[in-house]
Structure formats: C-alpha cells, structure tokens
Amino acid sequence: MSSSKIQVRGQPLLRVPARNHRMTHLVVCGVSTKRHHREINALSSNSGPSLDSVPTRTDKRQFLRGDGNGKFGRFGGKFVPETLMSRLIELEDEFNFVRCDHEFQEELTTALRDYVGRETPLYFAERLTEHYKNIVPTIEGGPEIYLKREDLSHCGSHKINNALAQAMISRRLGCSRVVAATGAGQHGVATAAACAKLSLECTVFMGAADIEKQSFNVLSMKLLGAQVISVEGTFKDASSEAIRNWVENLYTTYYLSGTVVGPHPCPIIVREFQSVIGKETRRQAKQLWGGKPDVLVACVGSGSNALGLFHEFVGDEDVRLVGVEAAGLGLDSGKHSATLALGDVGVYHGSMSYLLQDGQGQILKPHSVGVGLEYPGVGPEISFMKETGRAEFYTATDEEAIQACMRLSRLEGIIPALEASHALAFLDKLVPTLRDGAKVVVNCSGRGDKDLDTLIQRGMPSSFC
Amino acid sequence: MATASTAATFRPSSVSASSELTHLRSPSKLPKFTPLPSARSRSSSSFSVSCTIAKDPAVVMADSEKIKAAGSDPTMWQRPDSFGRFGKFGGKYVPETLMHALSELETAFYSLATDEDFQRELAEILKDYVGRESPLYFAERLTEHYRRENGEGPLIYLKREDLNHTGAHKINNAVAQALLAKRLGKKRIIAETGAGQHGVATATVCARFGLQCIIYMGAQDMERQALNVFRMRLLGAEVRGVHSGTATLKDATSEAIRDWVTNVETTHYILGSVAGPHPYPMMVRDFHAVIGKETRKQAMEKWGGKPDVLVACVGGGSNAMGLFHEFVDDTEVRMIGVEAAGFGLDSGKHAATLTKGDVGVLHGAMSYLLQDDDGQIIEPHSISAGLDYPGVGPEHSFLKDVGRAEYFSVTDEEALEAFKRVSRLEGIIPALETSHALAHLEKLCPTLPDGARVVLNFSGRGDKDVQTAIKYLEV
C-alpha cells in the first residue's frame, strides 16, 4: 500500500516490496565493509583492551566522541550472542549508508519538520530566570535560563526523533514488524506513531508495574495500532523480553531501541538521530545571543535526551555539560536510579557501562517518580563522559523533581514531564554558582500530561486553592 | 443590571430567569437575552429584529436579496462593519455597563494592530512559546486511503495545530488576549470553561505573563473533568466552582459576566471563540488568522498554489475562521465547516446549529442558534465538548447565508470512526472535535477531482479524548 523505497546499493533506486534481501558486500561511502567486518569480529571475539586502561589519543575531540567501533574508552562494545552479530552488522552498514544518503536525509528532514514539528524552539524562560534572580540576589542579574522545547514535539517528547528515523531504516531493511520496549511509555507511543505512519506492524513490551502507572500511554499505543504486551517487572525486564522476541523473529523484525544503551551500533544510532537537538540549539543560540550556551543541563535515565543535546558540543570545551540522575527517595534509601553516582562497571544489555548491581552482580531494581529515568544502567557514552570528566553528573530526589515541575507550571505555564523536572530541579543548586549573564540551556525533554495522575496522588500543597 | 435605552425590545435576563432554561453546557460568554413580554414574541421562523444599539433602521430581507445586498464580490463585504455586524449577524447586545469595556477593547485592538512592538512581541511568543509556525503536513496514508480504483483522488494536507503548546489552536487567541490585557494595564483575567480546554489555555497564558487568573466552572463539570481542574490549579489559576442553576457552563458564564461587570476596571474577560458581542468575534478571528496566513505561505512553498478546499470543524467557529479568513476573498477556494450531528440530526441530540438552527440573539450577538418554537435554547449534544454549543459565531452565519462557505455535519459515531482511522493511518491521535472534520472527508473526497488539494485544520490532539474513545471503540 505505501511506497517503501528500499535502496539497493550500487543500483538506481527501485520501488521494491518489503522483505527484499540486501546485499552486504558492496562499498559503503568509500569504506570497504569487508575490512569493517574484520574489525568488528576482532572486538567481539576477545575482551578488548584492559578494563583499567583508558587509551589516549592525540586528537582530544576525536577521543571524546569514541571510536567508530562502538567503544568509548573501556565502555560500550558488542556483548551479544552469535545469532545477533550478523543482524547488528547489517544494521550498522545500513546506518552508515543512510547517514550519507541524500534521499534518506531529505525524507527524514521533511518528516521531522512536517510530522514531528521541528525545529523545536529555544525558549527564554523569563519568569524562571526572574525567580532565580529574586532568590539569589546578584548585582547584575544572574544567569539566563533557556528551555529547549522537546515537549512540543509530536507525541510530547524527544523520543520521536529517533523512533521515526529508525522506523525508516527498518523499512529499508525489509522488515515488516517492529518491536520495542518502553518504560514510561513515551518511546512506546513514539514507536507506535512512527510505525502507523510508515505502515509497519508494531509490538511494544512494557513492565506490568509501568503499565499501571502510565495507563494513558498504554491506551495511546493501542489507539495507534500497536500491540502492547505486559511483562512482569519494569523496563529492564521489558527490554530483555523485547530482545528475546527479536531474536526469535530475526529476519522479519526490527528491534527499535529507544535509548543510547545496548550493543554497538545501537548507542551511536540513537545518539546520532537525537543529536538534531544539539545541532538546532547551536544555531538558535547563535541567532539569539550570538554565542554558545555556557551550561547544558539534561536529565539522565539511560541518556538519550542528554546525549542528543550534549553531542554537538562535546568538542566545545567552554560548554559545561551537566547530567541529572534520579535520586528517588534519597541516595541512602536504596530506592533510586542514580547509576553513575552509586553504580559499578559491568556488562548489561550488550554493552559495558555503569550499572546498579549488588555484590553478586545481580541487577538492582531502580526507582524514580520519573518513570523514564527508572533504568539500572546508563549509556556507555555517558559512562565515558563521566570517566573522562567531560560531563558532570548530579542527582535530584523525587520530591525535588515534583517541586520543580510545579514551579515551572506556575511560572511559565509549561507542565514538564517528571523526567525533565529532574534537570529543572538541579537549577536550584546550579544557578547560585554561575556568573551573571551565563546562558543555561535546559533540555525540556517532554511534557507532563502523562504525569498528572502521579502528581494528583502526591496531593496538592497547601499553597494551591 | 442597567437596561438598554428607551427603545429597548430586549433586556438581559436575570439569573432566576435563566435557571428556567433547559440544562445548558455551552461555552457561552454572556447570559441569553430574552424578550420582554410586551415585545413581539419571537417565533422560530421570524428573523426580523430591531437592534437597540444599531443606528440603522431594522432590516428585513428575503433570501434572494441577502446575496444581492452582500454582493457577490467578497472583497466588498464588511467583515464586520463599524457596528460589529456581518450582514445582519453579530452586533453588541449587552447591558450598558459593559459597553464601555467593549469600546475600550475595540480601540485597544485597533491600535495594537498597527503597534510594531506589540506585533513583534506577539510573533516572538507565538514562535518560541507556542511553537509556531505549525507544519502543513502531507498525509500520505490518508491520501492513499481516499485514492479511487483508477488511481485518482485528492491530496490531503493537515494543518498541525495539534503541535501547539497545550495541544490545540486555542492558545493563539489566549496568548494574544493576555498580551492585550497587559497592555491595557489589566492584572486580572477571568474566563469560563465547560470541559476545561479553554480554561487550561487561559491558565497557561496567565502563568506565562504573571497575571491573576480566575476560571469559573460549573460544579458538575468540575466533577466530570477533574484532570483539567487539577491542570488549571497546577498552572496557578483559581478555579471557582459555580453551584447555582444546573451547575454547568451557562451558570459559569453568568458568574463570569457578573465578575466582569463588577471588576471591569481591573479585569479582562478572555473569550475563547468567535462568538459573543463585538469586538470579540473579530478579535478572536484575527488572533487565529495566523493559521490561514501560514497556510497560504506553506501552500505556495509546497505546490506553488493555493488550497482547493479548506475543511474545519465548527463549534463556536474559531479554528475554522482562523483557517478560512485569509482565503475568503479567494473565491476559487472552497470552504467547508463541519458541525456535530451528535446522535443524528433527527434525534434532537446534536449541535448542528447552522443546519438545524434559526436566527436569534445569544450571548450578545445575532447568529444562528438551536432554539425551539418559544425561542428557548435547545440543549446541544456532541461527544466532543468543544463542539457542544447551541450557537455559532456570527461570521459563520453570514458566510453560510451568502453562500461563501458550506456547512455539513457528522455524527458521534462517524467522528469516532475517523478518530480511530487517522490514529492508525498517520500515527496522529486527533481531538474528537477535529475528528468531525476528518470524518467529513469520507463524503467529500469521492466528489473531488484528481489532484485537488484539501487542507484540513487539525485543530487539536486527542490525548484528552483517549479515555472517552476507548469506552466506545473496540481496541
């Protein structure tokens, strides 16, 4: 019914039906894939470089972006069973191809503009800025706070940037079916929407506990034509189940990862498609104040919205990168999702990264009022940024996030998602340390309509009538 | 409450009189005006009225004369004239106490239209806060759905007002009126709301501009729409429950009016649609006209021409006027409004004002409205709260009468089908209001020539309707 254009490389574009088998031995962008495969195989067959050493390179910028094989220092990699290897290689080839393919990029840009509603504004939060001026009296006027409005995207969060692009790739690969796992439901809804638009079958796995908390998102997914399968547990269990389902249906099914975790090439694919956030921010900052941001702040669950904003500025050493994780009920409570603050390095969901594990290496159950931050791991590139000191990571509790949510609602008329509220909460500690006129860009990664039930349950403070 | 001048044939009804009216849930702005017993009784077929405000003599027109008087050249139409009338519709049927506030508003509006600072500030807010311009999106799968067997069919484009901040077109007007209120030095904003959408939009802009916000809502509606009540409070607005009468929208409206009359010096009344007394229909339309202006530009960019057909749902009529206004003078552009037929036009439970209504005065303006033989307002019904209004903006009444726009209607069931269809085909969940416009495509598209370009105003997203829809749909 819909036109699926599958590019067979080396030949002019044909309209071919789905399930067309691709040829993988052709040259991609001038780099022979055969050589590429050898390197990949070398990586997966042994443990790679020593876990204690962080390799140094002469070009710091290049170093900070990781290498092309999915290694970010000692983090990342491709810790997967043999059955998945060829699929991952195929995915990487296709991804590298579409990166250079003019037609794909044009189709994606049009869809991001007309379907998703990009570019999202870089909005000067006048009243929030004023609020901090009043509580932190300074001579000149304190920092200026800008919000990158990913809450205005179709489906209400940044997730669609990646879901749409990957759904386009899945069609190119000849898949008729997409599987995904979702925590808060935002990635599930975005995937369901993208699949509906591109006429792909969609199955979303979601933890039973999450389904209860985010029923609105579950209903939305179903309306969008997706099948929602309940999995006992939370996001991490849903992820495992989704991957299992993918392995069982390897050649008809595409596993659409929502975030920057997983085996190579998943982290860089997701990061690449989210990096439109940072690219726009650079351009908009230039237009608005003729310079760059001084500080970028984003919440960190697994890290996709953070990397989406940060990636563009990794090489700009004068731009501070600040990630905020979920401290839940407090770092000492045992009920949190502060992976970088309290985790240890290990392999989880196919890559090496920080994760919340106990003494026996068993994964701990994370908690946060921002369901999208409830992940016991974190993207390998984020771990790398922490280790190299390129980015700083802090935490905010459930209570602080809720307060920040209410504050932004009252001051700017924007109800942020509870996930994004963690980034906003950290402004309380950050702002007093900044110089006057410092430009702070906070990634408002989603809108909070989905969290109203949670906020209602928490009860209204007495200041509201 | 002061009465109008000596020649009055209408006076505002008191609160006790309005409680005799049947249960209303309309997003009305002012109480309904009922004639004095001595005045000639208004039968549903009579549309001759004498307007106390107007200085022109009463006008009684036969159908054929209407179009001649209006002229077939749209550029000659006064929309509105200096008395706020669109042909014979519109006007300013209000108590004396509000006349000054309305004149002040009108003066302010005209002066701000040419005020560069104001326009620049408004444009910036629409861009950075609301997220404009909204895309004109080519709906590939929907177009495919309407393609006929021989491969021919129209091309469907959706004007994505659902992507605006707060998820509907309403914010365009709310933001502009809040800015206007600030310019007027008013620190206090009031509004009434039925389902809560207009209330939320108003609360949003008041938070943004640091204005005190009071929303009047019927106590019954507050129970049914607890989530929206919470939203408004979260945004810092005070939601005042109204317990008088049937505790629904019309009672909330009366309270809001009472408040405005009492506090008119400090308070601005944010009206949500192109209804009400002049200058509101004109003002609200002009604040939404950005929709049509962008559409013209985007159509030119995309296909180097104009749309062939514009389609929009019509409750009070604001999103439709926002799209249509720009193109009224382009006579080759067809304009189609779609109202709510509820349970069906013959069921008596619908909100198809332009199809089944008669002319009368409601909420300060002359327009079509749903009334019985005794001139009492008939309670409307639609599954979508935003279309559940017994009246319609006067400009729509005018456009219908002169034949410039066509009006159809769609049932609850057809709207739900469209809701489901568009969610599945395009991955965009439409508001139930918008779903009415989308439903009409089923009847419209088979009649259109190959390649005809249809622009449909996707006036809102359907997140707020997911719970309602699930109850009715097999999902």
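Reply: A residue counts as buried when its relative accessible area is under 20%. By that cut-off, 63% of the 465 residues in chain A are buried. The model is predicted.

Start with the pocket. The second largest pocket holds about 1,000 Å³ of space. Its lining has 41 residues. Nearest the centre of the pocket are A:R113, A:R118, A:E119, A:E280 and A:R283. By class, the lining divides into 16 charged, 14 nonpolar and 11 polar residues.

Which helices supply the lining of the second largest pocket? From chain A come α3 (82-100), α4 (102-116), α6 (159-172), α11 (266-274) and α12 (276-289). From chain B come α4 (116-130) and α12 (290-303). Each of these helices gives at least two residues to the lining.

Now pick out one of these helices, α11 of chain A. A:E272 lies in this helix. Is A:E272 buried or exposed? Its relative accessible area is 19%, and buried means under 20%, so A:E272 is buried. Leaving aside residues up to four places away in sequence, A:E272 touches A:F95, A:R99, A:K279 and A:H311.

Helix α5 spans residues 126-135, and its buried residues include A:L128, A:T129 and A:Y132. These residues cover an arc of only 100 degrees around the axis, so they sit on the same side of α5(A).

Helix α15 of chain A covers residues 380-388. Its buried residues are A:P380, A:E381, A:I382, A:S383, A:F384 and A:M385. A:G389 follows α15(A). The phi of A:G389 is positive, near 80 degrees.

Last, the chain as a whole. Chain A has 18 helices and 16 strands. Take the contacts in chain A between residues at least 6 apart in sequence: 75% of them join residues at least 24 apart. The accessible surface of chain A comes to about 17,300 Å². Carbon and sulfur atoms account for 50% of that surface.

Methods:
Residues numbered from 1 in each chain as written. Chains lettered and ligands numbered in written order. Predicted model: local features only at pLDDT ≥ 70, side-chain atom pairs only at ≥ 80, totals over all residues. Heavy atoms only, no water. Buried < 20%, exposed > 50% of the residue type's maximum accessible area, 1.4 Å probe, protein only. Helix = DSSP H or I, 4+ residues; strand = E, 2+ residues; numbered from the N terminus. Arc of directions from axis to C-beta. Contact = heavy atoms within 4.5 Å. Areas by Shrake-Rupley, 256 points an atom, 1.4 Å probe, with all protein chains shown as cover. 1 Å grid on protein atoms, 1.4 Å probe; cavity = no way out; pocket = protein on both sides within 12 Å on 5 of 7 lines; lining within 4 Å. Points joined across faces, edges and corners; volume = space filled by probe spheres on them. Nonpolar A, V, L, I, M, F, W, Y, C, P; charged D, E, K, R; others polar.
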